[in-house]
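This report describes the fold of a single chain and then turns to some details of its backbone. Please look over the sequence and the structure before reading on.

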Amino acid sequence: MDYSAHFHREILAFEQTARGAADGTDAPLIPSCPGWTMSDLVLHLGGVHRLLARVIQDRLTEQPDLTDITLFDLPEDHADWPRPTGGPHHGPVPVGLVDWFAEGAARLEALFRSVDPRVPVWTWSAERTTGFWLRMQTIEAALHRWDAERATGRRARPVEPELAVDAVTQTFEVMAPARRTWREAPAGAGERFRFRRTDGPGLWTVRFDGDDIHLTTGATAEDAADGGTADPACDVELAGTASDLMLYLWQRIPAERLDEVTGDRAVLDRYFTLVPPV
């Protein structure tokens, strides 16, 4: 998959939405990111981009000091910008904030396109490569584009199927293990979940076993034979479009928005409501 092309498209759409909100009226609230306005969201994503551009450009292999504000290349005139903590920050979205975001996103995109994804750099994951950040930030760009569009009052466009399918897999390869560690989640007892895509091929079976998460992708012979009917070995099954499955797993939409949910809802809530949206 060409992550850089997806990153470019999603970042451009995010910027256009943010610029549309920088119209002199109060910054809209972000319903899917409680406690944030559009200004907070732009500052968050822009700050991440500037930080990672420095990490990749300087080939940093240790986490930088986040109190070092030079990492973020702030302009001299940013007195009306939101603070990085607290919120929601009301008032108009500063046009200069959106300009700063666009410049930082372009810088990061250029690095993603020019640096070998195998180059080792610091990450918070076991995978310590530039390619980790390319995949991670492409998914985050799509999520926050969706957040921003929803905040404007119009229907947020779904995530492109190719990227959404990868984001579902990435959830179980990367995000779910990390979230369980961060939140000190209880050990799994063999609970099984099946996620089925309804707008194309895609099937994910997940088992929580102790501290481990076991993922199987693709349909088995048994799955093909039963035509997608419920698997009695699973505690919960969920079906939806690739975009909706991704948005559910990233806690943007409730299970009720999916096409189908069957099984033990208490087990579902235990494993998929661990952290607030980020």
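## Terms and model

A residue is called buried when its relative accessible area is under 20%, exposed when that area is over 50%, and partly exposed in between. The model discussed here is a predicted one.

## Overall fold

The chain holds 8 helices and 5 strands, and, read from the N terminus, these elements follow the order α-α-α-α-α-β-β-β-α-β-α-β-α. The radius of gyration is 20 Å, close to the 19 Å that the globule rule gives for 278 residues, so the chain is as compact as a globular protein of that length. Along its principal axes, the C-alpha trace spans about 60 × 40 × 35 Å.

## Surface and charge

Of the 278 residues, 51% count as buried, while the accessible surface of the chain amounts to about 12,900 Å², with 52% of it belonging to carbon and sulfur atoms. The chain carries 28 positive and 44 negative side chains, and the centres of these two sets lie 1 Å apart.

## Helix 2

Helix 2 covers residues 38-57, and its 20 residues should span 28 Å at 1.5 Å a residue; the end C-alpha atoms are 28 Å apart, which agrees with that expectation. How many residues of helix 2 are buried? The count is 17 of the 20, so helix 2 is largely enclosed by the rest of the structure.

## Backbone details

Most residues other than glycine have a negative phi, and most peptide bonds are trans.

Just after helix 2, Arg59 takes a positive phi of about 55°, although Arg59 is not a glycine. Arg59 is found in the loop between helix 2 and helix 3, and with a relative accessible area of 40% it is partly exposed. Pro88 is also found in the loop between helix 2 and helix 3, the latter covering residues 95-114, and the peptide bond leading from Gly87 to Pro88 is cis, with omega near 0°.

Gln251, likewise not a glycine, has a positive phi of about 60°, and lies in the loop between helix 7 (242-249) and strand 5 (260-263). Is Gln251 buried or exposed? Its relative accessible area is 17%, and because the cut-off for burial is under 20%, Gln251 counts as buried.

Methods:
Residues are numbered from 1 along each chain as its sequence is written. This is a predicted model: local features need pLDDT of at least 70, side-chain atom pairs count only at pLDDT 80 or more; totals for chains, interfaces and linings use all residues. Side-chain values use heavy atoms; hydrogens and water are left out. Helices (H or I, at least four residues) and strands (E, at least two) are DSSP runs, numbered from the N terminus. The radius of gyration is taken over C-alpha atoms; the globule rule is 2.2 Å times the number of residues to the power 0.38. Buried means under 20% relative accessible area, exposed over 50%, partly exposed in between (1.4 Å probe, protein chains only). Accessible areas come from the Shrake-Rupley method with a 1.4 Å probe; for residues, only the protein chains shown count as cover. Lys and Arg count as positive and Asp and Glu as negative; His and the chain ends are not counted. The place of a charge is taken as NZ of Lys, CZ of Arg, CG of Asp or CD of Glu. The expected span of a helix is 1.5 Å times one less than its number of residues.
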